[in-house]
Amino acid sequence: MIEIRFHGRGGQGTVVATILLAKAFFQAGYQVQSFPFFGVERRGAPVEAYVRLDKKKILLRTNVTEPDHVAVQDQTLLHSINITRGLKPSGWILINSPTLPVDLQPFTGFQLAHVDANRIALQRRLGTRTHPIVNTSMIGAFARMLEMPPLAAIAEAIREDFPVETEAMRNIDAAQEAYAEVNIVGRI
Amino acid sequence: MKRVLEGSHAVAEAVRLAKVQVISAYPITPQTHIVEILSQYCTNGTMKAKFLRVESEHSCMAALIGAQSVGVRTFTATSGQGLALMHELLHWAAGARLPIVMAEVNRALAPGWNIWVDQTDSLAQRDTGWIQMYCEDGQEVLDSTIQAFLLAETVNLPVMIVLDAFYLSHTYEPVDVPEPEEVDRFLPPFAPKFQLDTAQPCAFGSLVGPGDYMDMRYQIALAMDDALIRFGDVEDAFAALFNRRYGPVEAIDCADAEIIFITSGTVTSTCRLALQELRAQGEKAGILKIKLFRPFPVDRIRKELQAAKKIAVIDRNFSFGASGIFAQELRAALCNTPRHPVVFGYVAGIGGRDVTPELLKEIYWLTKNSEVPQKESIWMGIQEVKYAD
């Protein structure tokens with residue numbers, strides 16, 4: 001079983017990111033579970049959401065405390081919360097940032113990737129300048145980083161959740177560009 | 001077709017497929033997602049149902065009692081404080097023999113204000129005359145909600161479908177959503193046995209003296225007994241069409257088990273994982289999952305537990321001054337059977353705490369290593385509590 005934790009802030013579509021990712025993995029033949037941190041969500045406040053995937057039926061119904069991989073939708077969270085909490089050694093970390101973090105020490109022993117999801121989202125008018133909605137860009141980059149699920153499955157999941165064709169296309173474009181652009185740095 | 005659905009949405013899809021005619025609800029976390037979707041369905045024409053917004057849960061149940069009395073299929077959903085506020089009218093719905101169906105998302109009661117899972121809210125309604133079913137995953141929630149209408153309308157008693165807050169209500173997983181024509185074959189339109197009708201005027205709910213009241217109560221008791229049999233019929237009919245069956249209880253590896261976990265809700269699912277690990281170590285463990293709580297399937301429970309030495313009851317609830325509520329029910333069910341297993345009562349996961357495979361295995365070893373319980377109720381993980389100076 002693989003467990004994934006997404007960090008974000010309320011309003012960035014963090015919960016939706018994990019739902020879309022779960023749907024994409026299901027398309028790709030996995031059993032899946034996805035759920036938010038069981039709490040009270042407020043705009044701008046730190047949010048967590050999770051995906052579990054496995055080849056067999058998932059029986060575990062507990063919180064995710066030791067994820068295999070992590071995604072960070074808002075780089076300001078790197079200064080306020082411990083995003084590597086419980087992360088398994090060699091786990092991947094995807095950060096929404098145009099550049100690598102200056103201080104790489106906290107990521108020692110993990111694998112790093114980053115993508116400029118804000119720019120990708122804004123170019124497609126996803127969200128606003130102050131509140132870009134980066135979730136579809138992030139899952140596109142995530143799929144490239146983990147080499148699964150296939151980009152076609154991501155696109156299919158987005159189509160299922162966005163009934164309006166033009167909105168679906170903008171989000172699929174974002175996922176595709178992030179997939180192509182993500183900078184896979186690897187082990188720190 | 002299998003879709004990745006939230007537990008709450010699995011309930012909503014079942015209500016859509018059951019072609020419910022009147023829905024009333026007052027929003028409360030963690031139930032809100034159920035009626036959010038249903039209100040959309042009522043607005044956009046996906047459902048031809050009337051959605052009644054009300055100022056409280058008490059009014060909500062009153063509205064449904066009125067609607068169901070004129071002969072339409074009704075539904076509501078609530079949680080925690082909302083269910084507590086409905087309490088008076090829960091008795092009324094059952095006493096009036098109205099087959100109302102409700103989804104109840106288990107939420108802890110305040111104070112402290114807590115939106116997370118705890119079964120005390122629904123278990124505190126055990127004597128209201130509602131049928132209660134506790135579900136383990138999204139598929140069971142969807143299937144049980146569809147079945148609930150048929151069972152309720154067969155025995156003329158209301159049904160509560162109970163699901164854990166968040167661990168089930170807010171968890172997305174693959175769920176097979178049947179086609180409407182398939183469900184139509186299973187669930188015919190509601191045909192009331194009695195109703196308020198201006199063409200044939202009659203009155204319900206008037207004063208009943210001691211001469212008749214007790215007989216009326218006895219009829220409810222008989223209907224509950226009948227519900228146990230009809231539950232099986234409903235499951236047979238459902239399985240014939242959809243090839244899925246849950247049982248009033250499910251015995252997992254119980255045949256040769258010396259220690260059997262008693263579980264309900266999502267804890268069962270996690271416990272299946274713990275059981276696999278215990279069995280791999282050669283431990284003779286089993287699980288008896290209790291789905292149907294009212295009517296309580298006493299005969300089946302006695303039969304499944306007859307060879308066990310000990311049972312470990314997991315209660316995500318508590319009756320202050322007594323014990324975990326499932327443990328009480330198990331003790332009562334077993335006490336008149338000779339050589340019954342020793343009952344160990346464990347309280348775990350209250351107010352949304354995790355019940356992990358590790359915690360369940362700890363419960364197993366505590367049970368195995370004690371001849372008799374040291375206490376009536378063993379509260380797990382309570383050392384985590386920190387008191388202020």
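**Figure 1. Packing of helices α5(A) and α6(A).** In this predicted model, α5(A) passes α6(A) in a crossing that is right-handed. The two helices, formed by residues 151-161 and residues 165-181 of chain A, have axes 9 Å apart and pack at an angle of about 155 degrees. Because angles over 145 degrees count as roughly antiparallel, α5(A) is described as roughly antiparallel to α6(A). On the side of α5(A), the contact is made by L151(A), I154(A), A155(A), I158(A) and R159(A). On the side of α6(A), the contact is made by A168(A), N171(A), I172(A), A175(A), Q176(A) and Y179(A). By class, the residues of this contact are eight nonpolar, two polar and one charged.

**Figure 2. Fold of chain A.** Chain A contains six helices and seven strands. Read from the N terminus, its elements follow the order β-α-β-β-β-α-β-β-α-α-α-α-β. The radius of gyration of chain A is 15 Å, close to the 16 Å that the globule rule gives for 188 residues, so the chain is as compact as a globular protein of that length. Along the principal axes, the C-alpha atoms of chain A fill a box of roughly 40 × 40 × 35 Å. Of the 188 residues of this chain, 47% count as buried. Among contacts in chain A that link residues at least 6 apart in sequence, 61% join residues at least 24 apart.

**Figure 3. Contact between chains A and B.** In this view, 17 residues of chain B are in contact with 16 residues of chain A. On the side of chain B that touches chain A, β8 (172-176) and α9 (267-280) of chain B each supply at least two residues. The largest share of that side, four residues, comes from α9(B). By class, the side of chain B that touches chain A has seven nonpolar, seven polar and three charged residues.

**Figure 4. Packing of helices α1(B) and α6(B).** Helix α1 (residues 7-17) and helix α6 (residues 138-155) of chain B have axes that come within 8 Å and cross at roughly 25 degrees. The helices are therefore roughly parallel to each other, and the crossing of α1(B) and α6(B) is right-handed. From α1(B), the residues making the contact are G7(B), A10(B), V11(B), E13(B), A14(B), V15(B) and L17(B). From α6(B), the residues making the contact are G138(B), V141(B), L142(B), T145(B) and I146(B). The contact of α1(B) with α6(B) has eight nonpolar, three polar and one charged residues by class.

**Figure 5. Buried residues of helix α11(B).** Helix α11 of chain B comprises residues 325-334, and I325(B), F326(B), A327(B), E329(B) and L330(B) in this helix are buried. What covers the buried residues of α11(B) includes one helix element, α5 (120-123) of chain B. The cover also includes the strands β10 (259-263), β11 (285-290), β13 (310-315) and β14 (342-347) of chain B.

**Figure 6. Surroundings of I290(B).** I290(B) is found in strand β11 of chain B. This residue counts as buried because 23 C-beta neighbours lie inside 10 Å. Leaving aside residues up to four places away in sequence, I290(B) touches Y134(B), V249(B), I262(B), S264(B) and F326(B). F326(B), one of these residues, is itself buried in α11(B). The C-alpha atoms of I290(B) and L109(B) are separated by 23 Å, and the two residues are 181 residues apart along the chain.

Note on methods. Residues numbered from 1 in each chain as written. Chains lettered and ligands numbered in written order. Predicted model: local features only at pLDDT ≥ 70, side-chain atom pairs only at ≥ 80, totals over all residues. Buried ≥ 20, exposed ≤ 12 C-beta atoms within 10 Å, placed from the backbone. Contact = placed C-beta atoms within 7 Å. Nonpolar A, V, L, I, M, F, W, Y, C, P; charged D, E, K, R; others polar. Rg over C-alpha atoms; globule rule 2.2 N^0.38 Å. Axes fitted to C-alpha atoms, helices over the stretch in contact; angles between N-to-C directions. Parallel < 35°, antiparallel > 145°, perpendicular 65-115°, else oblique. Left-handed = near helix turned anticlockwise from the far one by under 90°.
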